[in-house]
Amino acid sequence: MRSFTSIINRGFTLYLLAGVFLIAGCASQATAQPTTTSQLTGTATASPTETLIPTATAIRTPPVLPVVFQTGELNPLDPPRTYISEACQYLKDKWTSTNSAPGTVLMPIMFHSISKEGETNANQVSLKDFSILMRDLKSQEFEAVTMQQAADFLNHNAKIPPRSVLLIVDDRHYAQYFNEFFRQYHEEWGWPVVNAFISHPDTLQVVWDENTALEQEGWVDHQAHGVIHNIPINPGSSDEYILGELQGSIAAFQQHFGKTPIAFVWPGGGFTPRAAELASQTGYQLGFTVNPRGPVMYNWVPLGESSDPNRPYFMPEGQVQNPLMVLPRYWDTDADKHIDIVRRIGQEGAKFADAAKATELEYYDIVCAPQFGLIP
């Protein structure tokens, strides 16, 4: 008979062997179980048999763009009209940081004769009043610009001074006129002046020569004012006559000034929708009337839709498709009275734009950015 001790020892040995096999089996199971990335990172990972449900993308609805800026400073019969049909391009040009800030105003002023005597007629301003006007413009922080600067601003909102003035002298003048009345402001302030020049065949060569010299100096900017001139364009004007005024000016300018005019100042203030259409087709970017309706801003031109019995000399521009071809001009005889009005319109326009900025930028981000890119 085996001893009690040997039985105990053998049982103990079997117990140990069973424990070893049990531990080995558990270890092999632990080793065989794959380790996933989610176990290392603590994130959940779908099993191969699970179907992922895509997350829905929120659709952004563009806001409604604000209405056109209105002001009580204008005559109610002279509402502002816009001329840029592509909203995205307008918004990009409006809010580009290197362009003109919203509320930038351009004040075109028409000059004819400047009288050194006390008496004046309807087309004259006295030298005293002219000097006061120029000093008041400067004191109210206006700066004069060229026609090219005006065109770039109106077409693309290019940078110009926040309060800009376009000084337009109508008709032919000898160099003495510009030297006597305008040169001091060029030398003192760097102000240019525009001359709406008549390219009539009877123009004396000395007038051409003197104006060519001024053009080459760079501070007198000549633009077109017709050829025959003394027969204003009217509803009875033929295409032949209108094109003669438009193309004849271009040919004369290229011959004498070595430049192509970009603005047409309507002779006698006469224009028609057909004439405005032909002017655009001929290559003119801007046209100017004698209607003193107000200042202009980027994509904002005050025009009259119909005749006004209280202002019978204002020709309505409502039928003209392109407002840039019938821009208003103040008269030199009373422009000084309108400086504060122009300044206030600019201030109101800036406040209106600031209130609309968030809405316009949101619209641009949703609708325009994919095609037009970010606003710089």
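## A guided look at this predicted chain

Asp 171 sits in the loop between β6 (163-170) and α6 (175-181); helices (H or I, at least four residues) and strands (E, at least two) are DSSP runs, numbered from the N terminus. Asp 171 has a positive phi of about 80 degrees, although it is not a glycine. Another non-glycine residue with a positive phi is His 229, at about 70 degrees. His 229 lies in the loop between β8 and α9 (239-256), and with 17% relative accessibility it counts as buried. Here buried means under 20% relative accessible area, exposed means over 50%, and partly exposed is in between (1.4 Å probe, protein chains only).

A word on the model: it is predicted, so local features need pLDDT of at least 70 and side-chain atom pairs count only at pLDDT 80 or more, while totals for chains, interfaces and linings use all residues. Residues are numbered from 1 along each chain as its sequence is written, and side-chain values use heavy atoms, with hydrogens and water left out.

Now for the overall picture. The chain has eleven helices and twelve strands, and 45% of its 376 residues count as buried. Among contacts with a separation of 6 or more, 77% come from residues 24 or more positions apart; a contact means heavy atoms within 4.5 Å. The accessible surface is about 19800 Å², and carbon and sulfur atoms account for 56% of that (Shrake-Rupley method with a 1.4 Å probe; for residues, only the protein chains shown count as cover).

Strand β7 (residues 193-197) runs parallel to β8 and is joined to it by five bridges; strands pair if DSSP finds at least two bridges between them. Within this pairing, Ala 196 stands opposite Gln 223.

Helix α3 (residues 87-95) is also mostly covered, with seven of its nine residues buried. Among them are Cys 88, Tyr 90 and Trp 95. The cover over these buried residues includes α5 (147-156) and α11 (339-372).

Finally, the charged pairs. There are 20 salt bridges, each being a side-chain nitrogen of Lys or Arg within 4 Å of a carboxyl oxygen of Asp or Glu. Three of them are shown here:

| Salt bridge | N to O distance |
|---|---|
| Asp 78 and Arg 293 | 2.6 Å |
| Lys 138 and Glu 143 | 2.7 Å |
| Asp 308 and Arg 311 | 2.7 Å |

Asp 78 forms its salt bridge with Arg 293 at 2.6 Å. Asp 78 is in the loop between α2 (37-41) and β1 (80-81) and Arg 293 in the loop between β10 (286-288) and β11 (301-302), so the pair ties together parts that are 215 residues apart in sequence. Asp 78 counts as buried at 2% relative accessibility, as does Arg 293 at 5%. Asp 308 and Arg 311 are both buried too. By contrast, Lys 138 is partly exposed at 25%, and Glu 143 is partly exposed at 25%. A network of salt bridges links Asp 78, Arg 293, Asp 308, Arg 311 and Glu 317.
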